[in-house]
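Biologist: Could we go through this model together? I would like to start with the charged contacts and then change topic.

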Amino acid sequence: MRKLMTVMMNVRTRIGIDQERCDSFKRNLHVNDLYKYDGKEKPENHFRIFKAQMNFLCIDIDFWPMFFPMSLKVKHQVWFYSLNPTRTQTWDQITKELIS
């Protein structure tokens, strides 16, 4: 958890979003607050929701791969972690892997 907090404290401010608001969201972020994908919707919809959450919380795209598995229900996390880890290190790799 400490590592996660350190990562979150290093997140860059997005254009048009003040640092104070970003810091407030990061202090109050709990992974259970993320919307959880349950497989009942198209993966593309989940990506849109996930991206909106990450942007709203001022999380830098470099850290999205670390947060993404936490946005999945357990059944889908098991599947995600069964993928080749060298193909899920960046957000671009994740979207290509999961949508293709």
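This is a predicted model: local features need pLDDT of at least 70, side-chain atom pairs count only at pLDDT 80 or more; totals for chains, interfaces and linings use all residues.

Biologist: How many salt bridges does the structure hold?

Modeller: The structure holds one, a salt bridge being a side-chain nitrogen of Lys or Arg within 4 Å of a carboxyl oxygen of Asp or Glu. Arg 87 pairs with Glu 97, and their closest N and O atoms are 3.0 Å apart. Arg 87 lies in the loop between helix 5 (74–82) and helix 6 (91–99), whereas Glu 97 is in helix 6, 10 residues apart. Helices are DSSP runs of H or I with at least four residues, numbered from the N terminus.

Biologist: Which residues are buried in helix 6?

Modeller: Trp 91, Ile 94, Thr 95, Glu 97 and Leu 98 are buried, meaning under 20% relative accessible area, with exposed over 50% and partly exposed in between (1.4 Å probe, protein chains only). On the other side of helix 6, Asp 92 and Lys 96 are exposed.

Biologist: A change of topic: where is Cys 58?

Modeller: Cys 58 sits in the loop between helix 3 and helix 4. Cys 58 has a positive phi of about 65°, although it is not a glycine.

Biologist: Buried or exposed?

Modeller: Cys 58 counts as buried, at 1% relative accessibility.

Methods. Residues are numbered from 1 along each chain as its sequence is written. Side-chain values use heavy atoms; hydrogens and water are left out. Helices (H or I, at least four residues) and strands (E, at least two) are DSSP runs, numbered from the N terminus.
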